[in-house]
Amino acid sequence: LDWGYTDDNGPSTWAEKYPLAAGARQSPVDIDTSKATSDNSLVDREIDWSYPSNCSYRIVNTGYGWRVDTYGDDTALSGGPLSEVYKLEQFHCHWGATNDEGSEHTVDGKSYAAELHLVHWNSEKYSSFKEAASQPDGLAVLGVFMEIGNADNAELEKIISLIPKIIHKGQDSQASFDLDFGSLLPESKHYWTYLGSLTTPPCNECVIWTVFKEPITISERQLEVFRSLKSVGEEDAIEPEEGKLVKNYRPPLPLGNRVLRECGP
Ligand SMILES: NS(O)(O)c1ccc(OCc2cn(-c3ccccc3)nn2)cc1
Ligand SMILES: [Zn+2]
């Protein structure tokens, strides 16, 4: 792997091959709640999403985690900090080896056990995800914190049940399940928003981030399934315990002189 999350290819080494990783508009950041400024324009234009209740998906092991590719047709994200309508491209998750780490964004220094990212691209201004990913307003990512709860997350379970089919890097599985995205998002629409980047190489500074304040819950068992994914292909004959994707989060980068806005208490 030319980049990853181990000591020899992890976040502190990325800038060697991916110079954007050393930029001034990088993500994630620590959300210092005392620095957040509330902004009436965010309140006036409520963030709004519409996702289909059921459509076909492809889940893939990228070597860095699992990713569900949606075929963004009748999806739409607008309002809040966004000036155009964005389409859902994919969603994925970041987690840690233990439950006291794993999220990418932190809140006043606190980490959550995992963080879900719903990745959208500006289909009003650009003609593809890849084109949008090289523009400063190209992507809109919704970040949802995940904390450990007793109950399984029923919607996530539909995804987790497919993970045993994609244990090795490069494996994928086609599934058409009816996914209620609404329940992958918290009840409260309160959020923080700032301008940032992809949190993995090539670290393009193309993301308008919206991080919800309220976490959703996931069970310890479900998180363990995430950690059973491997970062190597089936053909890489290595020890069974080696190559496990036990963590895939980038620690926070400085907010610098960026504005951090919030909507809702
Ligand atoms: N973790 S996250 O939600 O920030 C996040 C979201 C999306 C990402 O896309 C990776 C990517 C970008 N490109 C790309 C290709 C051609 C041109 C430009 C970009 N290819 N793969 C990475 C991290
Ligand atoms: Zn992500």
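Strand β9 is covered on both faces: A114, L116, L118, H120 and N122 are buried on one side, and E115, H117, V119 and W121 are buried on the other. Buried here means under 20% relative accessible area, with exposed being over 50% and partly exposed in between, for a 1.4 Å probe and protein chains only. Nine of the nine residues of β9 are buried, so the strand is largely enclosed by the rest of the structure. Strands are DSSP runs of E with at least two residues, helices are runs of H or I with at least four, and both are numbered from the N terminus.

This is a predicted model, in which local features need pLDDT of at least 70 and side-chain atom pairs count only at pLDDT 80 or more, while totals for chains, interfaces and linings use all residues. Residues are numbered from 1 along each chain as its sequence is written, chains are lettered from A and ligands numbered from 1 in the order in which they are written, and side-chain values use heavy atoms, with hydrogens and water left out.

Which strands pair with β9? Two strands pair if DSSP finds at least two bridges between them. Strand β7 is joined to β9 by nine bridges, and the two run antiparallel; in this pairing Y86 has N122 as its bridge partner. Strand β10 (residues 139–148) is joined to β9 by eight bridges, also antiparallel, and there W121 stands opposite L139.

H92 is buried at a relative accessible area of 14%, and H117 is buried at 1%.

Rings of Phe, Tyr and Trp (its six-membered ring) pair if their centres lie within 6.5 Å, and planes under 30 degrees apart count as stacked, over 60 as edge-to-face and the rest as tilted. The rings of W95 and F226 have centres 5.0 Å apart and planes at 40 degrees, so this pair is tilted. W95 lies in strand β7 and F226 in helix α5 (residues 220–227), so the pair ties together parts 131 residues apart in sequence. W95 is buried, with a relative accessible area of 0%, and F226 is buried with a value of 0%.

The rings of Y112 and F145 have centres 4.4 Å apart and planes at 20 degrees, so this pair is stacked. Y112 is in the loop between β8 (106–107) and β9, F145 is in strand β10, and they are 33 residues apart. K110 lies over the face of Y112, at 4.5 Å from the ring centre. A charge sits over a ring if NZ of Lys or CZ of Arg is within 6 Å of the ring centre and within 35 degrees of the ring normal.
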